[in-house]
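Reader: Could you take me through how to read a helix, a sheet and a single residue in a model such as this one?

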Amino acid sequence: MAVLGSLGILAASAVVVGYARTPVPTRPQDGVTDEGSTVYYADGRTPLFRLGANRQSVRHGQIPDRLRWAVLSAEDRGFYRNQGVSVSGTVRALVRDASGGDVEGGSTITQQLARNYFQGLSRDRTPGRKIKEIFVALKLDRHRAKDQILDLYLNTVYFGRQTSGAEAAAQAYFGKDVWQLGTAECALLAAMIQRPGYFRTQGGGDAARALRDRWRYVLDGMVSMGRLSRADADRLRFPRTRGEWRGVSVSGQGPLVRQRVLDELESAGIPADAVVNGRLKIYTGLDPRWMASAERAMRRVREPQWPKDVRAGLVAVDPSSGAVRALYSGDPKRGVYDSVFEPVAQAASTFKPYVLAAALRRGFSVRTKVPGRSPLRFAPDGSVTPMTAPGYRVKNDEKIGSLGTIDLVEATALSVNTGFVKAALKTGIANVSATARRFGVPEPVLRPYKGQAGLALGIASVSAAVQAGGYAAFANGGTAVTPHLVTGVVDAHGRRVPLPWDRPGRRVLTGEQAAQATYAMRAVVTRGTGRRAALPDREAAGKTGTSDGNHAAWFVGYVPQLSASVVMTRTKPGPLEGLPGHKGRVSGEDLPSSVWHAFMTDVTRGMPAEPFPAPAFEGTAPNWDDTATGQGGSATEGGGAASPPPSGTPRATGTPGPPSEARTRRKRCTKPGDPRTEVCAGS
């Protein structure tokens, strides 16, 4: 007996010493309080995806009592009576441990908090760790109020669906804030805590039946605790939950959108580590219905079946703000790549509207005359030179052939290379480049082609987003916008974070100039190369583009409320051809125009059909066609007679036959004035 007494004294002493040496827990474990940021669709309510931990802390007063009692019914019915530990539960746990069972059973809420929230406890599944957990729980119970302990628990416990804390769980399961939950919904969340990785809220399998049994157990406990009447409990029905959120499911564009959001925030001075732990609310302009429309438009041309070396991109921009409303970068099963924000293809003839804008900014109107004859060779000052002389050699597409004198409207409609090179040289290549920059084309992509007339025909590679943003300035009456996904950021304190693109855009054209440019691009859709893009119920304007050798094809167009671009290109050398369901080579006038038409027809359904402003055709209208008196003749700045086209070629007036994109052959880019020089890209 003396020996047993001595052992008892030693054991008691060890407990006293161990308890005394256990510090009061104050510091949370790394990451346990992190609250990630949520990115939303344009409606401001539907999550697009989450960055970092999915946890949103709420204050004591925001947690309803019905949730508190539901959780206590599920996890610790003696919470307000015990001292942080359950003696019977602890004994059961130690017995299970001795027999090789689960050592985690029998834990009170205070013990769970000690184990999962505060620093100081290892993850070892041993009796020693269990005893230390008890000491920490006892210290917690003595130094913190019961409600404070319960609040910490409810803000950090894992509920499944990648959510920690009651607020995030309420949103994930029911699309509500935690204070809006009813009793049945509170009971379901409480039930989930026991086996969050196993239980299923929907269906009829074992996991779903087990959750329903646990849900009923929680309600019965609330009745036995006097927090719910039996009659009320019997009237409750198992609540319906939302489908489990899995991120950006539409079109599989999640990785692209996620990276772009991070890139834009970084450019706005918000680094990635501040995002994943910053409790930010990040809003985008993306509309899930329009995202689905973009996918459907691409599927109509069988894009998911295209070879892996073919890329496709579609992006739509709000002309009033530059916000990206929808995007599609290809079926992810063919490969994950960015063909929306990265410059994957030469702009080709979709660059020509910037030449048009440069001429308008210089005071010329779209009635200005240019030569349509082909081929032509141009001197650096824009004058036509003999074919044997130095200069830039330019050729129209063979289906367009050689035309007479045409104005810039017809040159735009038919995508006449010779006319646009003439306009660019007369306006000034440097002026064209500066105008493109004002519309949003990045300077680095223009720099390699400084002084080259081929810039007018789109030898620079640009992104689909840049082109949609650039054309938005034509759509909105002349104000440049910056295409962007992130439309707003609100920090953890509810303050809006300023973004660079919040500032008003710079005016790049007057309203009259924008109206003239739109008039010319409407002709593309009504009678030119982009007739497949025409919309059934409203005016549309735009421009086709086909690069040299049909390596890439475009259509970029707009209505007053939306600008969208479609690009298709091959990553390997060679033409874009042999696509399922499409015979021959792809050009801007066929598949890109068809995709644009399908997308815009869908998303504009129900949108008011606003007309474009009518131009007054202000500005001078010189005749820049110096082929009227023979090649090498001087330009006539007044009216000048038009040269008749060669026999058998379509005239500039009237309605031409089915046109093809005007393209030029590609040899190599050399210095201005070199007699070997040809334009380096098609249109």
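Author: This is a predicted model, in which local features need pLDDT of at least 70 and side-chain atom pairs count only at pLDDT 80 or more, while totals for chains, interfaces and linings use all residues. Residues are numbered from 1 along each chain as its sequence is written, and side-chain values use heavy atoms, with hydrogens and water left out.

The buried residues of helix α8 pack against α2 (65-75), β3 (158-160), α7 (166-174) and α9 (206-224), where contact means heavy atoms within 4.5 Å. Helices (H or I, at least four residues) and strands (E, at least two) are DSSP runs, numbered from the N terminus.

Reader: How many residues of α8 are buried?

Author: In α8 (residues 183-192), 9 of the 10 residues are buried, meaning under 20% relative accessible area with a 1.4 Å probe and protein chains only; among them are Cys186, Leu188 and Met192.

Reader: In which order do the strands of the open sheet run?

Author: Strands of a sheet pair through backbone hydrogen bonds, either parallel or antiparallel. Here 5 strands form an open sheet in the order β7-β6-β18-β17-β16, with antiparallel pairing, and two strands count as paired if DSSP finds at least two bridges between them. The edge strands, β7 (324-328) and β16 (541-546), each pair on one side only. Strands β17 (residues 552-559) and β18 (residues 562-570) pair over 8 bridges, and Met568 in β18 is the bridge partner of Ala553.

Reader: Is Ala312 buried or exposed?

Author: Ala312, which lies in strand β6 (residues 310-317), counts as buried because its relative accessibility is 0%. Although Ala312 and Val566 are 254 residues apart in sequence, their C-alpha atoms are 7.5 Å apart in space.

Conventions: Buried < 20%, exposed > 50% of the residue type's maximum accessible area, 1.4 Å probe, protein only.
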